[in-house]
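Thank you all for coming. Please take a moment with the structure on the screen, and then I will walk through a few parts of it.

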Amino acid sequence: MVRLQILLDRSRFSPGVIDGLGGENTRQAIAAWRKAEGLGEGDAADADLLQRLAAADAGRIMTRYVLTAADVAGPFSPPAGADLAATARAGTNYTSARERLAERFHMTEPLLQGLNPGVDFRRPGQTIVVPAVTNAPLAGVARIVVDKTERSARAYDASGTLLAFYPATIGSSERPAPSGTVTVTGVAPEPDYTYDPERVSYDRGDARIVVPAGPNNPVGSVWIDLSRDTYGIHGSPDPSKIGKTASNGCVRLTNWDAEQLAAGVKPGVTVRFI
């Protein structure tokens, strides 16, 4: 399963976070990849699927990485809680070197630790085993389709070719995502997050709060601004929850998926919600 998820991740058909467990996000990525490759419907993770993915990408599945002083140096922040003001005061950095490394290699902390039993991620100089992810940039996105039922975002080029598939958290019953078509107005890397009770109401009090930029910011590491006021496509402080929880109306991806998508869009790209 780890091998399958890594190959899907590298093909831009994201399973979300690599956890070795599979699940709905992985099944949807398989189904999207099969359809894009003309292999029909279905989400079976069988030997034929792995062979076809491997034939399209013969690179190594795992690689070795040596922990650096920068990896373990911090600064780190405590885990964010429900109190937004407290999060703003405490900061939104990674909580540990292990979390930073897990996100860099698109995986969960338990899988990172499981692949490297006994490793103390606070000590530089150690060699660890990690997924050989590529972080390949995306280019030429002409339109994005956000499927609220499937909980996914798909990026297409001008000819209609599917470039990338991402699992997504999309709104909630109380605060649904938009309907219809909007456009991208810009991209903000490493954004802060502003809760302004005069513009939105998320049951977070009456005070205006600005949460500083950081990977564990409520909108993650990047914000793709949409033409519908207060709505965007953005990252997440908890990649393991993508596609499994609700949002305040926006489209939430893992930080690495949001960064990849952000690299391929420009103002005017259409975003259709279905």
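This is a predicted model: local features need pLDDT of at least 70, side-chain atom pairs count only at pLDDT 80 or more; totals for chains, interfaces and linings use all residues.

Leaving out residues up to four places away in sequence, His106 touches Asp9, Gly16, Val17, Ile18, Val133, Asn135 and Trp256, where contact means heavy atoms within 4.5 Å. Residues are numbered from 1 along each chain as its sequence is written, and side-chain values use heavy atoms, with hydrogens and water left out.

His106 sits in the loop between α6 (97-104) and α7 (109-115); helices (H or I, at least four residues) and strands (E, at least two) are DSSP runs, numbered from the N terminus. Is His106 buried or exposed? His106 is buried, with a relative accessible area of 3%, and here buried means under 20% relative accessible area, exposed over 50%, and partly exposed in between, using a 1.4 Å probe and protein chains only. Ile18 is 88 residues away from His106 along the chain, yet their C-alpha atoms are separated by 5.9 Å.

Let me turn to the strands. Four of the five residues of β3 are buried, so this strand is largely enclosed by the rest of the structure. Strand β3 (residues 143-147) pairs with β13 in the parallel sense over four bridges, and two strands count as paired if DSSP finds at least two bridges between them. Within this pairing, Val146 stands opposite Phe273, and Ile144 stands opposite Val271. With β4, strand β3 pairs in the antiparallel sense over five bridges, and there Ile144 stands opposite Ala155. β3 and β4 form a hairpin with four residues between them, and Arg151 in the turn has a positive phi of about 60°.

Strand β13 (residues 270-273) has a covered face, made of Val271 and Phe273, and an uncovered one, made of Thr270 and Arg272. In a regular strand the side chains alternate between the two faces of the sheet. β13 also runs antiparallel to strand β7 (residues 180-189), with four bridges joining them, and Val182 is the bridge partner of Val271.

Next comes helix α2 (residues 24-36), whose 13 residues reach 18 Å from the first C-alpha to the last, close to the 18 Å expected, a span defined as 1.5 Å times one less than the number of residues. Its buried residues include Asn25, Gln28 and Trp33, and among the elements that cover the buried residues of α2 are α1 (2-10) and β4 (152-156). After α2 comes Gly38, with a positive phi near 75°.

Finally, how many cavities of 30 Å³ or more does a search of the whole structure find? There are two. On a 1 Å grid over the protein atoms alone, a cavity is a set of points where a 1.4 Å probe fits but cannot get out, and lining residues have an atom within 4 Å of a point. The largest cavity holds about 60 Å³ of space, and α2 gives the most to its lining, with three residues.

Notes:
On a 1 Å grid over the protein atoms alone, a cavity is a set of points where a 1.4 Å probe fits but cannot get out, and a pocket is an open set with protein on both sides within 12 Å along at least five of seven lines; lining residues have an atom within 4 Å of a point. Grid points are joined across faces, edges and corners, and a volume is the space filled by probe spheres set on the points.
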